[in-house]
Amino acid sequence: MSTSEDRGHLVKSRYDGIVSDSAFNFLTITVSPECELCETEQDGGFNKNGEETSRSNGHSRTGKARRRWKLLAKALRHDSSEDDPILKFNLIEFDRVCDEKDENIYVYRLADRYRLKIRLIGERPWTASELMGFNNTGNICVWPSEEALAYYVLSRLNIFENSDILELGGGMTCLAGLVLAKYGNPSFVHVTDGNDLSMKNVEKSLHLNKFNCTIKTSVLKWESVSNNQASFHADRARYQFILSADCLFFNESRSHLIDTIWMFLADSGVALITAPRRGSTLVHFLNECVAKGFYYDMLHCYNEAIWNKHLELIKIEGYDENIHYPLLIRMYKKDFDLRHC
């Protein structure tokens, strides 16, 4: 699969602190000030050639990000009667497995050739407190950034050979980690999330597939790493690759995530993160990464299928690339050229 990459500048500079705005209330869900899911400021975008543009969107601070909270509100109402196409890139085809006793098991088809059995949590009586925790939204659906990360690793399987992989915040599917374990040739894949329900669900998916390597699941709460408990983690600083999709939107967890990546990433390792800009959320994250000592580059056009889907969606009313289009960030501890990846 061909790709076109727009490399960002390698960044290593003094931390430029930015004061975040509080988030807002939407529908009946009370959004905590620690959440930046819906923050929009100076919204930039990309044209059909992948060139970055900018436009002011100050009068629509809530903007199209309401769609994400609309989906969470639907979960509270136990309403699955409608589906918002903007909240998914629909790169993955799936069908329910009829011969399984569990009605929540699906066959996922990616890039016309990859098949994976995935169990979804399905409908359940969610409470507001369950949904509002930063590690709970991964139980609602598969978000565009998760689709994008899975597609990216499938298009670069060779770079993961004989490597140890850690997925952080993988939600109820840990999709990128599972497809990599099944179709790549890594030495070891460790998929994690901070939510117990998510990891119990992933365990069930593991029994439905055959993998090419050892794969392990764990409940990993990032704050446990930040709070000087890293000595209890025997696997620390061993992973050549760390994967994470759409985990940047809560202020309270941002520093913990960065500390966790730093602790578990090998000195020559690379962290691959997919996330939309979502106002200044991504900027906040990258500034803190630089302050920690990370280098990074940012890719706008990193996968042909994802980019082509983006070009289709920009014609649809309600699509905002700042909120919906996942960028790819590659983070590492040393200043070196990543073009081999």
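These notebook entries record what I looked up in a predicted model of a single chain.

**Entry 1. The chain overall**

I began with the secondary structure and found ten helices and twelve strands in the chain. I then looked up burial: of the 341 residues, 57% are buried. For contacts with a separation of 6 or more, I noted that 77% join residues 24 or more positions apart. The accessible surface of the chain comes to about 14900 Å². Carbon and sulfur atoms hold 46% of that surface.

**Entry 2. The seven-stranded sheet**

I next traced an open sheet of seven strands. Its order reads β8-β7-β6-β9-β10-β12-β11, and the pairing is mixed. At the edges I found β8 (214-219) and β11 (295-299), each of which pairs on one side only. On average, neighbouring strands of this sheet are turned by 15° against each other, direction ignored. As background, I note that strands of a sheet pair through backbone hydrogen bonds, in either a parallel or an antiparallel manner.

Strand β10 (residues 265-275) pairs with strand β12 (residues 327-332) in the antiparallel sense, over five bridges. Which residue of β12 is the bridge partner of Ala-271? I found that Met-331 takes that place.

I asked which strands helix α7 lies across. Helix α7 (residues 251-264) lies across β6, β9 (239-245), β10 and β12. Relative to β10, this helix runs at about 145°.

I then checked how well helix α3 is covered. Helix α3 spans residues 144-154, and eleven of its eleven residues are buried.

**Entry 3. Asp-164**

I located Asp-164 in strand β6 (residues 164-168). Is this residue buried or exposed? Asp-164 counts as buried because its relative accessibility is 12%, and the cut-off for burial is under 20%. I looked for a polar partner and found that the side chain of Asp-164 makes a polar contact with the side chain of Arg-238, at 2.7 Å. Leaving aside residues up to four places away in sequence, Asp-164 touches Ser-187, Phe-188, Arg-238, Tyr-239, Gln-240 and Phe-241.

**Entry 4. Cysteines**

I searched the whole structure for disulfides and found zero. For reference, a disulfide is a covalent bond between the sulfur atoms of two cysteines. I then looked up the burial of several cysteines. Cys-213 is buried, with a relative accessible area of 14%. Cys-289 also counts as buried, at 0% relative accessibility. Cys-174 is buried too, its relative accessible area being 0%.

**Entry 5. Positive phi angles**

Most residues other than glycine have a negative phi. Against that background I recorded two residues. Cys-174 is not a glycine, yet its phi is positive, at about 45°. This cysteine is found in the loop between β6 and α4 (175-183). Arg-278, likewise not a glycine, has a positive phi of about 45°. I placed Arg-278 in the loop between β10 and α8 (281-292).

Notes:
Residues are numbered from 1 along each chain as its sequence is written. This is a predicted model: local features need pLDDT of at least 70, side-chain atom pairs count only at pLDDT 80 or more; totals for chains, interfaces and linings use all residues. Side-chain values use heavy atoms; hydrogens and water are left out. Helices (H or I, at least four residues) and strands (E, at least two) are DSSP runs, numbered from the N terminus. Buried means under 20% relative accessible area, exposed over 50%, partly exposed in between (1.4 Å probe, protein chains only). A polar contact is a pair of N or O atoms within 3.5 Å; within protein, one must be able to donate a hydrogen and the other to accept it, and residues adjacent in sequence count only if both atoms are side-chain atoms. Contact means heavy atoms within 4.5 Å. Two strands pair if DSSP finds at least two bridges between them. Axes are lines fitted to C-alpha atoms, for helices over the stretch in contact, and angles run from 0 to 180 degrees between N-to-C directions. Accessible areas come from the Shrake-Rupley method with a 1.4 Å probe; for residues, only the protein chains shown count as cover. A disulfide is a pair of cysteine sulfur atoms within 2.5 Å.
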